[in-house]
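Keep the sequence and the 3D view open while reading.

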Amino acid sequence: MDEFHKIKRLPPYVFSEVNQLKASARQRGDDVVDFGMGNPDQPPPQHVVDKMTEAVQKPGVHRYSNSRGIPGLRRALAGYYERRFGVELDPEREAIVTLGSKEGLANLAQAITSPGDVLLVPNPSYPIHAFGFIIAGAALRHLPMAGFDDSEGDFRREFMRQLERGVRHSVPKPLAVVVNFPANPTTRTVDLDFYEELVDFCRHHGIYAISDIAYSELYFDCPPPPSILQVPGAKDVAVEFSSLSKTYSMPGWRIGFCAGNPKLVGALARVKSYVDYGAFTPIQVAATAALNGPQDCVDEMRARYRSRRDVLIRGLQQAGWEVPSPEASMFAWAPIPAAFRHLGSLDFSKLLLEKAQVAVSPGVGFGEYGEGYVRLGLVENEHRTRQAIRNIKAFLRKVDPEELPSERREVAL
């Protein structure tokens with residue numbers, strides 16, 4: 001398919017190499033503990049499943065749905081924003097339902113991007129933040145997201161400095177900047193002051209801000225993460241994507257949202273009207289029940305991930321692998337142990353799978369500035385997590401990094 005221009009702009013999917021090795025290991029009977037994908041392992045709350053079961057019995061729900069999302073679900077999103085962030089949304093003009101935030105981001109990119117437009121995108125970042133716009137024909141300017149000391153405010157100052165450089169040195173002027181906090185993969189969080197400065201910057205320079213808050217309810221040691229839409233006037237320049245995938249353990253249901261600037265929401269709605277008819281109506285009815293119903297399930301979800309995080313981080317530290325404890329998100333962003341750093345994140349991930357039967361995501365898969373790290377998802381229960389820690393501890397004790405080549409291209413299986 002080398003003749004297809006858009007395909008040529010997409011590099012080989014780094015994660016596929018680890019996934020292939022993981023599949024081969026399981027075929028051999030290896031018990032792989034899989035921290036590789038942010039894929040919740042628990043079912044949705046029972047009342048959500050019950051509502052889905054009830055709704056699917058109604059004859060009329062099996063017809064085409066609404067590409068913007070059923071009105072009740074858009075009203076439920078507005079209710080959530082009012083309760084959680086104190087933000088008023090017009091469900092008709094400022095909210096749309098998407099097939100997960102990933103589809104929404106990709107279709108927004110198609111809606112607003114012309115070939116040659118410049119986007120400012122974090123690096124490392126969740127792949128769709130960059131490649132959604134690459135597929136749409138944009139050029140990217142990367143904003144480094146690693147190596148800053150939060151205690152000194154370095155990250156905020158450096159991020160704004162990179163934004164300023166991006167605008168000053170880009171021709172044409174950037175169309176938009178993408179932000180994602182709590183961040184995947186770095187787990188970084190920001191406060192409302194950050195968003196206030198960002199909104200002021202975007203309004204001054206006439207560029208859009210596209211925020212992704214998929215992990216806004218997965219917080220542990222920090223205040224509840226804010227929304228960019230809390231900033232007065234933010235809806236003049238910003239939209240925000242959110243999702244039920246992590247909050248309610250509904251990743252396979254594919255329900256997300258875009259809210260904020262009416263022009264951007266309208267552009268997304270226009271594209272979606274051509275490419276889909278919306279999610280299956282009973283799923284949307286159940287999603288409405290999730291947002292409007294009891295929220296103790298969210299507290300339980302948060303407590304579960306906190307407990308898993310504590311077991312993982314404490315165990316890795318005891319094994320001799322110093323990994324910062326994430327304040328939010330469902331991941332740990334782990335610097336590769338110094339003795340193995342010369343391997344790079346992809347080969348270290350392969351080695352960890354081969355020798356410890358533990359799967360992680362190589363940091364380089366999230367962008368060049370992710371090199372030197374691996375991402376671990378908090379998606380295994382505590383028993384499995386302890387098993388992984390024992391395997392990692394044995395791996396770190398037995399494997400001599402000095403005997404490994406400086407560049408491993410293959411892992412001998």
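Q: Which residues does G69 touch, not counting residues up to four places away in sequence?
A: This is a predicted model. G69 sits in the loop between α3 and α4. Leaving out residues up to four places away in sequence, its contacts are R74, V97 and Q284.

Q: Is G69 buried or exposed?
A: The cut-off for buried is under 20% relative accessible area. G69 has a relative accessible area of 1%, so G69 is buried.

Q: What separates the C-alpha atoms of G69 and A269?
A: Along the chain, G69 and A269 are 200 residues apart.

Q: How do the axes of α3 and α10 cross, and at roughly what angle?
A: Helix α3 covers residues 46–56, and helix α10 covers residues 281–292. Their crossing is right-handed. The axes come within 8 Å and cross at roughly 145 degrees.

Q: How do the residues of the contact of α3 with α10 divide into nonpolar, polar and charged?
A: From α3 come H47, V48, K51, M52, A55 and V56. They meet P282, I283, V285, A286, A289 and A290 of α10. The residues of this contact divide into ten nonpolar, one polar and one charged.

Q: Are α11 and α13 roughly parallel or roughly antiparallel to each other?
A: The axes of α11 (residues 296–318) and α13 (residues 382–398) come within 9 Å and cross at roughly 15 degrees. Angles under 35 degrees count as roughly parallel. The two helices, α11 and α13, are therefore roughly parallel.

Q: How many residues of the contact of α11 with α13 are charged?
A: On the α11 side are S307, R308, V311, L312, G315, L316 and Q318. On the α13 side are E382, T385, R386, I389, I392 and K393. The division is five nonpolar, four polar and, for charged, four.

Q: With which side chain does the side chain of E94 make a polar contact?
A: E94 lies in the loop between α4 and β2. At 10% relative accessibility, E94 counts as buried. Its neighbours, not counting residues up to four places away in sequence, include C258, A259 and G260. The polar contact, at 2.9 Å, is with the side chain of K235.

Q: How far apart in space are Q20 and D117, C-alpha to C-alpha?
A: Q20 lies in helix α2. At 54% relative accessibility, Q20 counts as exposed. Q20 and D117 are 97 residues apart in sequence. C-alpha to C-alpha, their distance in space is 35 Å.

Q: What is omega for the cis peptide bond that joins N123 and P124?
A: P124 is placed in the loop between β3 and α6. The bond joining N123 and P124 is cis. Its omega is about 5 degrees.

Q: Is the peptide bond from F181 to P182 cis or trans?
A: P182 is in the loop between β5 and α8. Omega for the bond from F181 to P182 is near -10 degrees. The bond is cis.

Q: What is the phi of T187?
A: T187 is found in the loop between β5 and α8. With a relative accessible area of 11%, T187 is buried. T187 is not a glycine, yet its phi is positive, at about 70 degrees.

Q: Where is Q357 placed?
A: Phi of Q357 is near 55 degrees, a positive value in a residue other than glycine. Q357 is partly exposed, with a relative accessible area of 22%. Its place is in the loop between α12 and β10.

How values were computed
Residues are numbered from 1 along each chain as its sequence is written. This is a predicted model: local features need pLDDT of at least 70, side-chain atom pairs count only at pLDDT 80 or more; totals for chains, interfaces and linings use all residues. Side-chain values use heavy atoms; hydrogens and water are left out. Axes are lines fitted to C-alpha atoms, for helices over the stretch in contact, and angles run from 0 to 180 degrees between N-to-C directions. Helices (H or I, at least four residues) and strands (E, at least two) are DSSP runs, numbered from the N terminus. Angles under 35 degrees count as roughly parallel, over 145 as roughly antiparallel, 65 to 115 as roughly perpendicular and the rest as oblique. Contact means heavy atoms within 4.5 Å. Ala, Val, Leu, Ile, Met, Phe, Trp, Tyr, Cys and Pro count as nonpolar, Asp, Glu, Lys and Arg as charged, and the others, Gly among them, as polar. Buried means under 20% relative accessible area, exposed over 50%, partly exposed in between (1.4 Å probe, protein chains only). A polar contact is a pair of N or O atoms within 3.5 Å; within protein, one must be able to donate a hydrogen and the other to accept it, and residues adjacent in sequence count only if both atoms are side-chain atoms. A crossing is left-handed if the near helix is turned anticlockwise from the far one by less than a right angle, and right-handed if clockwise.
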